[in-house]
Amino acid sequence: MSSNLVKIGICGLGTVGSGTFNVLNRNAQSINARAQAELEVIHIGARRDNPDCDIGEIRVSRDIFDVARDPEVQILVELIGGTSVAKELVEEALRNGKHVVTANKALVAEFGNELFALAEQNNVVIRYEAAVAGGIPIIKALREGLAGNRIEWLAGIINGTGNFILSEMREKGRDFADVLTEAQELGYAEADPTFDVEGIDAAHKLVILASLAFGMPLQFSSVYTEGITRLTTQDVEYAEELGYRIKHLGVAKHSADGVELRVHPTLIPEGRLLANVNGVKNAVLVEGDAVGPTLYYGAGAGAEPTASAIVADIVDLARELSAGQSCRVPALGVATADLKALPVLPMEQVVTPWYLRIIAEDKPGVLSSIASIFSDHGISMEALIQKPPAEGETRVPLIVLTSRASQGSMDVAVATIEALESISGEVARIRVEALDG
Ligand code: HSE
(Lines give C-alpha, C1' and ligand atoms only; values in the text may rest on other atoms or scores of the structure.)
Protein backbone atom coordinates (compact mmCIF):
# COMPACT_ATOMS: atom_id res chain seq x y z
CA MET A 1 0.00 0.00 0.00
CA SER A 2 1.09 3.56 -0.66
CA SER A 3 2.39 5.54 2.31
CA ASN A 4 0.36 8.63 1.31
CA LEU A 5 -1.40 10.03 4.32
CA VAL A 6 -4.74 11.77 3.78
CA LYS A 7 -5.95 13.83 6.73
CA ILE A 8 -9.63 14.15 7.40
CA GLY A 9 -11.70 16.46 9.58
CA ILE A 10 -15.26 15.53 10.54
CA CYS A 11 -17.74 18.23 11.59
CA GLY A 12 -20.78 16.83 13.34
CA LEU A 13 -20.74 13.67 15.44
CA GLY A 14 -24.44 12.77 15.48
CA THR A 15 -25.98 9.61 14.03
CA VAL A 16 -24.28 9.92 10.63
CA GLY A 17 -21.01 11.37 12.00
CA SER A 18 -20.48 8.51 14.43
CA GLY A 19 -21.56 5.98 11.75
CA THR A 20 -18.94 7.41 9.39
CA PHE A 21 -16.23 7.32 12.05
CA ASN A 22 -17.07 3.71 12.91
CA VAL A 23 -17.10 2.51 9.28
CA LEU A 24 -13.76 4.24 8.61
CA ASN A 25 -12.27 2.46 11.64
CA ARG A 26 -13.85 -0.93 11.16
CA ASN A 27 -12.95 -1.27 7.48
CA ALA A 28 -9.71 0.74 7.61
CA GLN A 29 -7.61 -1.90 5.91
CA SER A 30 -9.74 -2.38 2.80
CA ILE A 31 -10.65 1.31 2.63
CA ASN A 32 -6.98 2.33 2.70
CA ALA A 33 -6.14 -0.25 0.05
CA ARG A 34 -8.87 1.12 -2.20
CA ALA A 35 -7.91 4.72 -1.52
CA GLN A 36 -4.24 3.92 -2.11
CA ALA A 37 -3.57 6.04 0.93
CA GLU A 38 -3.79 5.91 4.67
CA LEU A 39 -6.88 7.79 5.75
CA GLU A 40 -6.64 9.38 9.15
CA VAL A 41 -9.28 11.38 11.00
CA ILE A 42 -7.18 14.02 12.72
CA HIS A 43 -9.74 16.58 13.88
CA ILE A 44 -13.38 16.39 14.94
CA GLY A 45 -15.65 19.40 15.33
CA ALA A 46 -18.63 18.61 17.55
CA ARG A 47 -20.60 20.37 20.26
CA ARG A 48 -20.74 17.19 22.29
CA ASP A 49 -19.23 13.70 22.42
CA ASN A 50 -21.16 10.73 21.11
CA PRO A 51 -21.07 7.51 23.17
CA ASP A 52 -21.71 5.53 19.96
CA CYS A 53 -18.10 6.00 18.84
CA ASP A 54 -14.74 5.86 20.56
CA ILE A 55 -12.63 8.65 19.14
CA GLY A 56 -9.65 8.01 21.43
CA GLU A 57 -7.09 10.80 21.40
CA ILE A 58 -8.28 12.57 18.25
CA ARG A 59 -8.33 16.34 18.57
CA VAL A 60 -11.85 17.66 19.25
CA SER A 61 -12.95 21.28 18.80
CA ARG A 62 -16.25 22.59 20.07
CA ASP A 63 -15.97 25.36 17.46
CA ILE A 64 -16.41 23.49 14.17
CA PHE A 65 -14.73 26.34 12.25
CA ASP A 66 -11.45 25.30 13.87
CA VAL A 67 -11.60 22.22 11.64
CA ALA A 68 -12.10 24.34 8.50
CA ARG A 69 -9.08 26.45 9.52
CA ASP A 70 -6.84 23.53 10.48
CA PRO A 71 -4.03 23.65 7.90
CA GLU A 72 -3.45 19.91 8.26
CA VAL A 73 -7.00 18.90 7.26
CA GLN A 74 -7.27 18.01 3.53
CA ILE A 75 -10.85 16.72 3.41
CA LEU A 76 -13.57 18.26 5.55
CA VAL A 77 -16.66 16.11 6.09
CA GLU A 78 -19.67 18.30 6.84
CA LEU A 79 -22.31 16.42 8.81
CA ILE A 80 -23.92 19.15 10.89
CA GLY A 81 -26.99 19.61 8.63
CA GLY A 82 -28.98 22.82 8.11
CA THR A 83 -28.10 25.52 5.63
CA SER A 84 -26.81 28.53 7.55
CA VAL A 85 -23.80 27.47 9.64
CA ALA A 86 -23.16 24.53 7.32
CA LYS A 87 -22.89 26.90 4.33
CA GLU A 88 -20.42 29.16 6.12
CA LEU A 89 -18.41 26.16 7.22
CA VAL A 90 -18.23 24.70 3.71
CA GLU A 91 -17.30 28.11 2.23
CA GLU A 92 -14.52 28.52 4.79
CA ALA A 93 -13.22 25.02 4.05
CA LEU A 94 -13.27 25.59 0.26
CA ARG A 95 -11.52 28.96 0.58
CA ASN A 96 -8.88 27.22 2.67
CA GLY A 97 -8.29 24.74 -0.17
CA LYS A 98 -9.99 21.73 1.41
CA HIS A 99 -12.12 19.22 -0.44
CA VAL A 100 -15.54 18.83 1.11
CA VAL A 101 -17.73 15.76 1.55
CA THR A 102 -21.27 16.42 2.67
CA ALA A 103 -24.49 14.49 3.27
CA ASN A 104 -26.45 17.74 3.31
CA LYS A 105 -29.06 17.66 0.54
CA ALA A 106 -30.67 20.93 1.60
CA LEU A 107 -27.31 22.69 1.33
CA VAL A 108 -26.52 21.18 -2.07
CA ALA A 109 -30.04 21.69 -3.49
CA GLU A 110 -30.40 25.30 -2.32
CA PHE A 111 -26.81 26.60 -2.49
CA GLY A 112 -25.02 24.06 -4.68
CA ASN A 113 -24.68 26.42 -7.66
CA GLU A 114 -22.63 28.95 -5.73
CA LEU A 115 -20.75 26.38 -3.65
CA PHE A 116 -19.72 24.34 -6.69
CA ALA A 117 -18.49 27.51 -8.42
CA LEU A 118 -16.52 28.46 -5.30
CA ALA A 119 -15.02 24.96 -5.21
CA GLU A 120 -13.93 25.28 -8.84
CA GLN A 121 -12.33 28.66 -8.16
CA ASN A 122 -10.29 27.03 -5.41
CA ASN A 123 -9.46 23.92 -7.45
CA VAL A 124 -11.14 21.65 -4.95
CA VAL A 125 -14.38 19.67 -5.14
CA ILE A 126 -17.51 18.97 -3.18
CA ARG A 127 -18.71 15.37 -3.12
CA TYR A 128 -22.25 14.62 -1.95
CA GLU A 129 -23.10 10.99 -2.66
CA ALA A 130 -24.79 10.62 0.74
CA ALA A 131 -27.12 13.54 0.03
CA VAL A 132 -29.39 11.44 -2.22
CA ALA A 133 -30.85 8.00 -1.51
CA GLY A 134 -28.61 7.19 1.48
CA GLY A 135 -26.27 4.34 0.67
CA ILE A 136 -27.21 3.91 -3.01
CA PRO A 137 -24.40 5.17 -5.27
CA ILE A 138 -26.83 7.01 -7.54
CA ILE A 139 -24.75 10.18 -7.88
CA LYS A 140 -21.79 8.24 -9.18
CA ALA A 141 -24.05 6.19 -11.45
CA LEU A 142 -25.52 9.33 -13.04
CA ARG A 143 -22.28 11.31 -13.18
CA GLU A 144 -20.02 8.52 -14.37
CA GLY A 145 -21.71 5.19 -15.08
CA LEU A 146 -24.32 6.75 -17.39
CA ALA A 147 -22.12 9.51 -18.83
CA GLY A 148 -22.63 8.17 -22.36
CA ASN A 149 -26.41 8.55 -22.26
CA ARG A 150 -28.94 11.22 -22.86
CA ILE A 151 -31.09 10.76 -19.76
CA GLU A 152 -34.78 10.87 -20.75
CA TRP A 153 -36.36 10.64 -17.30
CA LEU A 154 -35.91 9.33 -13.82
CA ALA A 155 -38.32 8.48 -11.05
CA GLY A 156 -37.47 7.53 -7.53
CA ILE A 157 -38.60 6.72 -4.04
CA ILE A 158 -36.11 9.02 -2.38
CA ASN A 159 -37.37 9.58 1.14
CA GLY A 160 -36.86 6.59 3.42
CA THR A 161 -39.03 7.95 6.22
CA GLY A 162 -42.00 8.52 3.92
CA ASN A 163 -41.64 5.08 2.33
CA PHE A 164 -41.34 3.49 5.77
CA ILE A 165 -44.56 5.22 6.85
CA LEU A 166 -46.49 4.26 3.70
CA SER A 167 -45.28 0.66 3.91
CA GLU A 168 -46.27 0.27 7.58
CA MET A 169 -49.66 1.87 6.92
CA ARG A 170 -50.34 -0.50 4.04
CA GLU A 171 -48.94 -3.69 5.52
CA LYS A 172 -49.92 -3.31 9.17
CA GLY A 173 -52.63 -0.66 9.14
CA ARG A 174 -50.50 1.39 11.55
CA ASP A 175 -51.22 4.96 12.43
CA PHE A 176 -49.27 7.71 10.59
CA ALA A 177 -48.02 9.51 13.75
CA ASP A 178 -46.98 6.29 15.45
CA VAL A 179 -44.82 5.19 12.48
CA LEU A 180 -43.27 8.65 12.19
CA THR A 181 -42.17 8.50 15.85
CA GLU A 182 -40.52 5.14 15.17
CA ALA A 183 -38.74 6.56 12.09
CA GLN A 184 -37.38 9.36 14.28
CA GLU A 185 -36.16 6.90 16.90
CA LEU A 186 -34.42 4.85 14.21
CA GLY A 187 -32.57 7.95 12.98
CA TYR A 188 -34.25 8.02 9.56
CA ALA A 189 -36.20 11.26 9.87
CA GLU A 190 -34.87 14.77 9.37
CA ALA A 191 -34.36 17.04 12.41
CA ASP A 192 -37.61 18.64 11.30
CA PRO A 193 -39.71 15.63 10.19
CA THR A 194 -42.09 17.86 8.21
CA PHE A 195 -39.25 17.88 5.63
CA ASP A 196 -39.87 14.14 5.20
CA VAL A 197 -43.66 14.02 5.21
CA GLU A 198 -44.26 17.25 3.26
CA GLY A 199 -41.93 16.18 0.45
CA ILE A 200 -39.26 18.86 0.98
CA ASP A 201 -36.49 16.33 1.59
CA ALA A 202 -37.48 14.46 -1.58
CA ALA A 203 -37.56 17.76 -3.51
CA HIS A 204 -34.01 18.54 -2.35
CA LYS A 205 -32.87 15.17 -3.64
CA LEU A 206 -34.84 15.33 -6.90
CA VAL A 207 -33.35 18.65 -7.93
CA ILE A 208 -29.85 17.25 -7.43
CA LEU A 209 -30.65 14.17 -9.53
CA ALA A 210 -32.24 16.30 -12.26
CA SER A 211 -29.22 18.61 -12.48
CA LEU A 212 -26.88 15.66 -12.83
CA ALA A 213 -29.15 13.91 -15.33
CA PHE A 214 -29.87 16.92 -17.56
CA GLY A 215 -26.74 19.05 -17.04
CA MET A 216 -28.72 21.98 -15.69
CA PRO A 217 -28.10 24.29 -12.72
CA LEU A 218 -29.90 23.38 -9.49
CA GLN A 219 -33.40 24.89 -9.48
CA PHE A 220 -34.85 23.91 -6.13
CA SER A 221 -37.53 26.61 -6.10
CA SER A 222 -39.00 25.19 -9.34
CA VAL A 223 -39.83 21.75 -7.93
CA TYR A 224 -43.55 21.02 -7.44
CA THR A 225 -43.73 19.54 -3.95
CA GLU A 226 -46.58 17.60 -2.37
CA GLY A 227 -46.17 15.33 0.67
CA ILE A 228 -47.94 12.27 2.07
CA THR A 229 -49.88 13.87 4.90
CA ARG A 230 -53.20 13.94 3.03
CA LEU A 231 -53.14 10.30 2.00
CA THR A 232 -55.75 8.11 3.65
CA THR A 233 -55.72 4.37 4.29
CA GLN A 234 -58.92 4.26 2.18
CA ASP A 235 -56.99 5.54 -0.84
CA VAL A 236 -54.24 2.98 -0.21
CA GLU A 237 -56.91 0.21 -0.16
CA TYR A 238 -58.85 1.47 -3.19
CA ALA A 239 -55.60 1.76 -5.16
CA GLU A 240 -54.84 -1.87 -4.33
CA GLU A 241 -58.27 -2.95 -5.54
CA LEU A 242 -57.44 -1.32 -8.86
CA GLY A 243 -54.05 -3.10 -9.01
CA TYR A 244 -51.84 -0.21 -7.86
CA ARG A 245 -49.63 0.76 -4.89
CA ILE A 246 -49.29 4.33 -3.68
CA LYS A 247 -45.70 5.53 -3.41
CA HIS A 248 -44.21 8.96 -2.86
CA LEU A 249 -42.20 9.63 -6.01
CA GLY A 250 -39.78 12.21 -7.27
CA VAL A 251 -40.08 12.49 -11.06
CA ALA A 252 -37.82 14.39 -13.47
CA LYS A 253 -38.59 14.22 -17.20
CA HIS A 254 -36.92 15.89 -20.11
CA SER A 255 -39.18 16.78 -23.04
CA ALA A 256 -39.17 19.21 -25.94
CA ASP A 257 -41.36 21.67 -23.97
CA GLY A 258 -39.27 21.67 -20.82
CA VAL A 259 -38.30 19.70 -17.77
CA GLU A 260 -40.83 18.24 -15.35
CA LEU A 261 -39.67 18.44 -11.74
CA ARG A 262 -42.24 17.06 -9.34
CA VAL A 263 -42.55 15.27 -6.03
CA HIS A 264 -45.92 13.81 -5.02
CA PRO A 265 -47.83 10.65 -4.07
CA THR A 266 -48.31 8.43 -7.10
CA LEU A 267 -50.22 5.28 -8.03
CA ILE A 268 -47.83 2.74 -9.59
CA PRO A 269 -48.98 -0.54 -11.20
CA GLU A 270 -48.36 -3.22 -8.55
CA GLY A 271 -46.17 -5.32 -10.85
CA ARG A 272 -43.53 -2.59 -11.23
CA LEU A 273 -40.32 -3.03 -9.24
CA LEU A 274 -40.71 0.45 -7.71
CA ALA A 275 -44.15 -0.52 -6.37
CA ASN A 276 -42.46 -3.24 -4.34
CA VAL A 277 -39.81 -1.08 -2.67
CA ASN A 278 -40.79 -1.11 0.99
CA GLY A 279 -39.68 0.14 4.39
CA VAL A 280 -36.79 2.59 4.56
CA LYS A 281 -35.48 1.39 1.21
CA ASN A 282 -35.09 3.84 -1.66
CA ALA A 283 -34.95 3.10 -5.38
CA VAL A 284 -34.30 5.23 -8.43
CA LEU A 285 -35.28 4.23 -11.96
CA VAL A 286 -33.27 5.99 -14.66
CA GLU A 287 -34.02 5.78 -18.37
CA GLY A 288 -31.07 6.51 -20.66
CA ASP A 289 -31.30 6.55 -24.46
CA ALA A 290 -28.47 4.06 -24.87
CA VAL A 291 -28.81 1.84 -21.82
CA GLY A 292 -32.62 1.82 -21.47
CA PRO A 293 -34.08 1.54 -17.98
CA THR A 294 -31.73 0.95 -15.02
CA LEU A 295 -32.75 0.59 -11.38
CA TYR A 296 -30.77 1.45 -8.24
CA TYR A 297 -32.03 0.09 -4.92
CA GLY A 298 -30.89 0.08 -1.31
CA ALA A 299 -31.14 1.65 2.12
CA GLY A 300 -32.17 5.28 1.83
CA ALA A 301 -31.41 6.39 5.38
CA GLY A 302 -29.70 5.29 8.56
CA ALA A 303 -26.25 5.79 10.07
CA GLU A 304 -24.17 3.17 8.29
CA PRO A 305 -25.85 3.19 4.85
CA THR A 306 -25.26 6.95 4.80
CA ALA A 307 -21.72 6.42 6.10
CA SER A 308 -21.13 3.99 3.23
CA ALA A 309 -21.76 6.80 0.72
CA ILE A 310 -19.68 9.31 2.68
CA VAL A 311 -16.70 6.97 2.91
CA ALA A 312 -16.95 6.27 -0.85
CA ASP A 313 -16.61 10.03 -1.46
CA ILE A 314 -13.64 10.23 0.91
CA VAL A 315 -11.97 7.35 -0.94
CA ASP A 316 -12.63 9.09 -4.27
CA LEU A 317 -11.02 12.28 -3.03
CA ALA A 318 -8.11 10.46 -1.44
CA ARG A 319 -7.40 8.85 -4.81
CA GLU A 320 -7.45 12.25 -6.51
CA LEU A 321 -5.14 13.66 -3.83
CA SER A 322 -2.76 10.71 -4.17
CA ALA A 323 -2.74 11.04 -7.95
CA GLY A 324 -2.04 14.77 -7.62
CA GLN A 325 -4.67 15.59 -10.24
CA SER A 326 -5.15 19.23 -11.09
CA CYS A 327 -8.19 18.54 -13.30
CA ARG A 328 -10.98 17.61 -10.90
CA VAL A 329 -14.22 15.85 -11.84
CA PRO A 330 -16.80 18.66 -11.42
CA ALA A 331 -19.55 18.22 -8.84
CA LEU A 332 -22.35 17.96 -11.44
CA GLY A 333 -20.22 16.10 -13.97
CA VAL A 334 -19.73 19.19 -16.16
CA ALA A 335 -18.12 22.49 -15.20
CA THR A 336 -20.59 25.02 -13.76
CA ALA A 337 -19.98 27.29 -16.79
CA ASP A 338 -21.20 24.49 -19.08
CA LEU A 339 -24.51 23.86 -17.28
CA LYS A 340 -27.53 24.85 -19.36
CA ALA A 341 -30.63 26.32 -17.74
CA LEU A 342 -33.73 24.51 -19.02
CA PRO A 343 -37.32 25.76 -18.74
CA VAL A 344 -39.33 23.93 -16.08
CA LEU A 345 -42.77 22.90 -17.33
CA PRO A 346 -45.61 24.53 -15.34
CA MET A 347 -47.64 21.87 -13.51
CA GLU A 348 -50.81 22.86 -15.41
CA GLN A 349 -49.15 21.40 -18.51
CA VAL A 350 -47.97 18.16 -16.91
CA VAL A 351 -49.97 15.23 -18.28
CA THR A 352 -50.63 11.99 -16.34
CA PRO A 353 -53.51 9.59 -15.76
CA TRP A 354 -55.39 10.30 -12.50
CA TYR A 355 -56.96 8.48 -9.56
CA LEU A 356 -59.97 10.35 -8.14
CA ARG A 357 -62.12 9.69 -5.07
CA ILE A 358 -65.48 11.45 -5.30
CA ILE A 359 -68.11 11.39 -2.54
CA ALA A 360 -71.51 11.43 -4.28
CA GLU A 361 -75.19 11.02 -3.47
CA ASP A 362 -76.32 7.49 -4.31
CA LYS A 363 -79.06 8.38 -6.78
CA PRO A 364 -79.78 8.06 -10.53
CA GLY A 365 -78.05 10.46 -12.90
CA VAL A 366 -75.04 11.37 -10.71
CA LEU A 367 -72.63 9.10 -12.51
CA SER A 368 -73.74 10.27 -15.93
CA SER A 369 -73.33 13.95 -14.99
CA ILE A 370 -69.76 13.19 -13.78
CA ALA A 371 -69.03 11.24 -16.98
CA SER A 372 -70.29 14.06 -19.16
CA ILE A 373 -68.08 16.62 -17.35
CA PHE A 374 -65.04 14.43 -18.01
CA SER A 375 -66.12 14.02 -21.60
CA ASP A 376 -66.47 17.81 -22.02
CA HIS A 377 -62.81 18.12 -21.05
CA GLY A 378 -61.57 15.27 -23.26
CA ILE A 379 -60.93 12.97 -20.31
CA SER A 380 -62.13 9.37 -20.39
CA MET A 381 -62.87 7.14 -17.42
CA GLU A 382 -60.71 4.00 -17.62
CA ALA A 383 -61.95 2.25 -14.46
CA LEU A 384 -64.63 2.88 -11.89
CA ILE A 385 -65.47 1.39 -8.51
CA GLN A 386 -68.60 2.36 -6.62
CA LYS A 387 -68.63 1.34 -2.97
CA PRO A 388 -71.92 0.53 -1.21
CA PRO A 389 -73.15 3.22 1.19
CA ALA A 390 -72.35 2.76 4.89
CA GLU A 391 -75.36 2.03 7.11
CA GLY A 392 -77.62 5.09 7.39
CA GLU A 393 -75.52 6.90 4.77
CA THR A 394 -76.90 8.15 1.45
CA ARG A 395 -73.53 9.04 -0.04
CA VAL A 396 -71.03 6.66 -1.62
CA PRO A 397 -67.37 6.88 -2.62
CA LEU A 398 -66.81 6.69 -6.38
CA ILE A 399 -63.26 5.74 -7.31
CA VAL A 400 -62.27 6.69 -10.86
CA LEU A 401 -59.13 6.06 -12.89
CA THR A 402 -58.93 8.41 -15.85
CA SER A 403 -57.01 8.60 -19.10
CA ARG A 404 -54.03 10.93 -19.37
CA ALA A 405 -55.01 14.53 -18.76
CA SER A 406 -53.10 17.72 -18.06
CA GLN A 407 -53.39 19.11 -14.56
CA GLY A 408 -54.96 22.21 -16.11
CA SER A 409 -57.86 20.23 -17.67
CA MET A 410 -58.25 18.14 -14.53
CA ASP A 411 -58.40 21.29 -12.35
CA VAL A 412 -61.33 22.60 -14.39
CA ALA A 413 -63.14 19.22 -14.58
CA VAL A 414 -62.77 18.64 -10.83
CA ALA A 415 -63.95 22.16 -9.95
CA THR A 416 -67.05 21.56 -12.10
CA ILE A 417 -67.70 18.19 -10.43
CA GLU A 418 -67.24 19.67 -6.94
CA ALA A 419 -69.85 22.33 -7.79
CA LEU A 420 -72.53 19.66 -8.45
CA GLU A 421 -75.20 19.55 -5.75
CA SER A 422 -74.89 15.78 -5.46
CA ILE A 423 -71.16 15.93 -4.60
CA SER A 424 -69.82 16.42 -1.06
CA GLY A 425 -66.51 18.03 -0.17
CA GLU A 426 -63.33 18.03 -2.23
CA VAL A 427 -62.47 15.40 -4.79
CA ALA A 428 -59.28 13.56 -3.70
CA ARG A 429 -56.77 13.34 -6.55
CA ILE A 430 -53.55 11.35 -6.98
CA ARG A 431 -51.46 11.14 -10.15
CA VAL A 432 -50.73 7.78 -11.78
CA GLU A 433 -47.36 6.85 -13.35
CA ALA A 434 -47.02 3.79 -15.56
CA LEU A 435 -43.20 4.19 -15.42
CA ASP A 436 -42.77 2.96 -18.96
CA GLY A 437 -41.60 6.10 -20.65
N1 HSE B 1 -34.75 11.84 6.22
C2 HSE B 1 -34.15 11.24 5.10
C3 HSE B 1 -35.03 10.09 4.63
C4 HSE B 1 -32.79 10.75 5.48
O5 HSE B 1 -35.89 9.65 5.39
O6 HSE B 1 -34.86 9.65 3.52
C7 HSE B 1 -31.93 10.38 4.31
O8 HSE B 1 -31.72 11.46 3.46
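A: Let's begin with Glu320. Leaving aside residues up to four places away in sequence, Glu320 touches Arg127, Gln325, Arg328 and Val329, where contact means heavy atoms within 4.5 Å. This is a predicted model, in which local features need pLDDT of at least 70, side-chain atom pairs count only at pLDDT 80 or more, and totals for chains, interfaces and linings use all residues. Side-chain values use heavy atoms, with hydrogens and water left out, and residues are numbered from 1 along each chain as its sequence is written.

Q: What makes Glu320 count as buried?
A: Buried means under 20% relative accessible area, exposed over 50%, and partly exposed in between (1.4 Å probe, protein chains only). Glu320 has 7% relative accessibility, so this residue counts as buried. Glu320 sits in helix 12 (residues 303–323); helices here are DSSP runs of H or I with at least four residues, strands are runs of E with at least two, and both are numbered from the N terminus.

Q: Why is the pairing of Arg69 and Asp66 called a salt bridge?
A: The term asks for a side-chain nitrogen of Lys or Arg within 4 Å of a carboxyl oxygen of Asp or Glu. For Arg69 and Asp66 the N to O distance is 3.7 Å, so the pair meets that definition. They are three residues apart in helix 3, which means that about one helical turn separates them. Arg69, at 45% relative accessibility, counts as partly exposed, and so does Asp66, at 27%.

Q: How do you know that Glu260 and Arg262 form a salt bridge?
A: Their closest N and O atoms are 2.8 Å apart, so the distance passes the test for a salt bridge. Both residues are buried: Glu260 has a relative accessible area of 10%, and Arg262 has 0% relative accessibility.

Q: How many salt bridges does a search of the whole structure find?
A: The search finds 33.

Q: What makes a group of residues a nonpolar core?
A: The members are buried Ala, Val, Leu, Ile, Met, Phe, Trp, Tyr and Cys residues joined through side-chain atoms within 4.5 Å. The largest one here has 59 residues, and Tyr128, Ile138, Leu142, Ile208, Leu209 and Val286 touch the most other members. Helix 10 gives the most to this core, with ten residues. At least three of the core's residues come from each of domain 1 (5–135 + 303–338) and domain 2 (144–298), with bounds from an automatic or database domain assignment. A second, separate core of 31 residues includes Phe21, Val23, Leu24 and Ala307.

Q: How do you know that strand 4 and strand 5 pair?
A: Two strands pair if DSSP finds at least two bridges between them. Strand 4 (residues 75–78) and strand 5 (residues 99–102) have four bridges, in the parallel sense, so they qualify as paired. Glu78 has Thr102 in strand 5 as its bridge partner.

Q: What makes strand 3 and strand 6 edge strands?
A: Strand 3 (59–61) and strand 6 (126–127) each pair on one side only. They belong to an open, parallel sheet of six strands in the order 3-2-1-4-5-6.
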